[in-house]
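Welcome! Let's take a friendly walk through a protein model, one region at a time. Have a look at it first.

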Amino acid sequence: RAGVGGILVVDDHVLVREAMIRRLNGLRPDLRCAEAASTAEALLLLEADDDFELAIVDLMMPGDNGFALLAVLGQRHPDLALLVVSALDDAATVRRAAQVGASAFVSKAASGEELIAAVQAVLAGGRHLPERRELTSSGYFAIEQGRGRERLTAAQQRVLELLAGGNSNSAIAAC
């Protein structure tokens with residue numbers, strides 16, 4: 001990938017979008033970043049302007065399923081690289097994101113340097129997926145050194161994290 005057509009940041013939190021865009025603008029002064037607060041807004045932006053090279057997608061947005069968005073983007077915009085930035089950073093979530101087309105995954109608990117490293121890897125045609133040993137819980141339940149969580153299955157942990165994130169039952173069922 002020689003040049004950067006643009007980066008689309010899709011996250012329902014304004015502060016998160018602004019922080020990511022501010023960090024991304026440090027890559028190049030002429031880098032064009034756009035933002036969308038929802039799946040619908042992202043799809044409209046991409047229909048109006050197909051000159052994006054990368055979409056950075058949050059998996060948990062009210063009323064939206066980030067995994068479904070990744071699948072739709074992969075079908076409608078096959079040349080668009082996909083990077084997931086999510087508070088859910090367990091192994092199952094990372095694996096599922098990669099299965100539906102994400103080239104990179106960055107935990108929202110990671111640093112800005114990690115985001116930039118992932119973006120650079122993807123724009124160079126590579127991947128940036130965390131090693132299994134780097135995966136942590138989302139931080140919603142900071143059970144000291146994991147005590148108590150070992151009794152939960154991976155699926156139960158995921159539901160617990162989604163609940164703690166304020167997701168509705170229907171949103172959890174869609175994930």
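In which helix is the place of E114?

## Starting at E114

E114 has its place in helix α5, residues 112-123; helices here are DSSP runs of H or I with at least four residues, strands are runs of E with at least two, and both are numbered from the N terminus. This is a predicted model, in which local features need pLDDT of at least 70, side-chain atom pairs count only at pLDDT 80 or more, and totals for chains, interfaces and linings use all residues. Residues are numbered from 1 along each chain as its sequence is written, and side-chain values use heavy atoms, with hydrogens and water left out.

Is E114 buried or exposed, or something in between? With a relative accessible area of 31%, E114 is partly exposed (buried is under 20%, exposed is over 50%, and partly exposed is in between, using a 1.4 Å probe and protein chains only). Not counting residues up to four places away in sequence, E114 touches V106 and H128, where contact means heavy atoms within 4.5 Å. E114 and H128 are 14 residues apart along the chain, and their C-alpha atoms are separated by 9.6 Å.

## Helix α4

Now move to α4, which spans residues 91-99 and has A91, T93, V94 and A97 buried. The buried residues of α4 fall within an arc of 165° seen down the axis, so they line one face of the helix (the arc is that of the directions from the helix axis to the C-beta atoms). An α-helix has 3.6 residues a turn, so residues three or four places apart point the same way.

What caps the N-terminal end of α4? D90 does, with a side-chain oxygen 3.2 Å from the backbone nitrogen of A92. After α4 comes G101, with a positive phi near 120°.

## The nonpolar cores

A nonpolar core is a set of buried Ala, Val, Leu, Ile, Met, Phe, Trp, Tyr and Cys residues joined through side-chain atoms within 4.5 Å. The largest one has 23 residues, and L8, V10, L70 and L73 have the most contacts inside it. Elements giving two or more residues to this core include β1 (7-10), α3 (66-76) and α4. Its largest share, 4 residues, comes from α3. Another core, of 19 residues, lies apart from it, with I7, V9, M20 and I56 among them.

## Charges over rings

Which ring does the charged end of R32 sit over? That of F52, 4.6 Å from the ring centre. Likewise, the charged end of R96 sits over the ring of F67, 4.0 Å from its centre. Here, NZ of Lys or CZ of Arg must be within 6 Å of the ring centre and within 35 degrees of the ring normal.

How values were computed: Polar contact = N/O pair within 3.5 Å; in protein donor to acceptor, adjacent residues only side chain to side chain.
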